[in-house]
Amino acid sequence: METLKNVRKISLFIVASVFVFTTESIPRVADNGNETFTNPLFYEEFSDPDMIRVGDDYYLTGTTMHSMPGLPVLHSRDMVNWEFLCYAFDRLDLGPEFRLEGGRDIYGQGIWAPCFREHGGTYYIFTNINGKTTQMFRTKNAAGPWTRTAMKRSFHDLSVLFDDDPATAGKGKGYVIWGYQGINFAQLNDELTDIIPGTQRIIIKKDAGMGEGLHFYKIKGKYYITSACWDGRMRMACARSDKPEGPYEVNQAISIDEDFGLAEGYRLKGLGRTSPPFNVNLPNTRDGGRMSMHQGGIIDTKTGQWWGFSMMEHNCLGRLTCLSPITWEDGWPYFGLPGNLKRSPRTWVKPDTGNVSEPREPYERNDDFSSPKLKPIWQWNHLPDDSKWSLSECPGFLRLHSLPAAELMSARNTLTQRSIGPVSIPTVVMDINGMQAGDVAGLALFNAPYAWIGVSRSAEGASIEQYNQLTGKTESMPFKGTQVWLRANCDFLTEKARFSYSIDGEKFEPLGAEFTMIFQLRTFQGIRYSLFNYNTQGNPGGYADFDKFTVDEVYPNGLMRPIPFDKVITISTYDGNCVLAVKDGNLTAVSAKDPLVKSS
């Protein structure tokens, strides 16, 4: 073994690089175009993913909370490049809270932790809704339309397994598992609306090491359950048994500590406060594993490969979906590669599905509102009032009529789309000719706390304003024009954003202080770009017209600087208890207290 060299700085000569750096504003895709892919699959929120394979086709859905339409269905032939098929529902009205009426809402609730299945030529999505029973959506065509049936009870973070046992003459039994830590099991009735009396039991005890976000599989005669678990670090646990009802053996970590180097960012303390002052936890760079990949499942290809899919935290951007090669060892499906189990590569060879797909992204983000329908990337914040928005009243524009609201969180008809990392810049043009006194309209970074830049109209005239809910401060300037460009520069690595405006679309002027973007559990979503118009005087007001919404992706490859090949660089450690050293010919990090560390 070579002598360890105790160094706080080390110089390296970079002689080659396989990465390509570009600042051209092009959409980011996971497919690198050279038979490799880079995680995440989408550099935007796609949480609680569930994926199925039907022949050569893969289908994916995930949580949409209070956003509508909801439950997106994506399709792929290679698990890397996805196309949008449909939403399982356009509208879901289960009470005034779904409409933001009567001071009620479903923020952080709504649709979450869906289970996607196919059986006997029918596609199913089972999903949780807070305060309601579990909802089942079904169709013969994954592209829709889907029909909804309310089940008889609620199953927390459920997963369904159709067990095609030859003894059942090909009909198969439907089983459901659900719960947090203590895992419940039951057999479903033929209608899939309730459990069969007498079949419910606890199959895994609370202290066994399982969590929630369950996925239930039968693989080569054995039954497997994956779950997400939090114990100071995020991990994915797995249980296996020879029978669906158990007993189960638990492996507490088939995936753990893979966060691709991302530390925990700003966090809002508590759930209750909706106005300043907010209590914010500063970024936690000490404790590793808090952002790691966790909730997800496993899937095979027709060529015999196995892959894992799971989500990881990405601070204010939300929770992102990643893809991992699986290595089977001792009968367990470990995420990762031989010699490095439980850890997933950020860039790796694409799955061998037997199909080749061209690099693509599932959505178009930019919208000039010239089509008769909104692009699928858009979702409403809660159920919209369809009489108060239009794409036809002023062709080529999105017209939002204002409805009474005290502030943005209670404003109906706010149109949103997921933000994209690592750095992006949403811009929109707004015409204010139709705004009336009390109207406030513009571009928001929807969150809790949120911030926006827009126009406020009073009896005295209009002003361009930038409001920061985190600080409670408003910056304002008089505005005599009728058209304004609004922009937000968002850095989702530093979690900082700045707002600006332009009156000619060329020169942008900053307005307001830097806004700190925070992940929180009030909405349980990441930052959303949002277009809004509401009236603060208690009555319906006028309208605002929006045009040319664009999102510039500054670093679509996720690289912030070009690799400095053919140059000398210096690497420094930030932690005084850790040193860079050469051990067995490899550069590695070791404890400064390691007795093998010697001064050079």
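## Basis

This is a predicted model: local features need pLDDT of at least 70, side-chain atom pairs count only at pLDDT 80 or more, and totals for chains, interfaces and linings use all residues. Residues are numbered from 1 along each chain as its sequence is written, and side-chain values use heavy atoms, without hydrogens or water.

## Chain

The chain has 48 strands and zero helices. Both are DSSP runs numbered from the N terminus (helices H or I, at least four residues; strands E, at least two). Of the 600 residues, 56% are buried. Buried means under 20% relative accessible area, exposed over 50%, partly exposed in between (1.4 Å probe, protein chains only).

## Sheet

Four strands form an open sheet in the order E4-E5-E7-E8, with antiparallel pairing. Strands pair if DSSP finds at least two bridges between them. E4 (50-54) and E8 (83-89) are the edges; each has a single partner strand, so one side of each lacks a neighbour in the sheet. His75 has Glu83 in E8 as its bridge partner.

## Salt bridges

The count is 32 salt bridges, each a side-chain nitrogen of Lys or Arg within 4 Å of a carboxyl oxygen of Asp or Glu. Arg365 bridges to Glu44, with the closest N and O atoms 2.2 Å apart. The two lie in loops, 321 residues apart. Arg365 is buried at 5% relative accessibility, and Glu44 is buried at 3%. Salt bridges link Glu44, Arg365, Arg418 and Glu553 in a network.

The closest N and O atoms are 3.1 Å apart.
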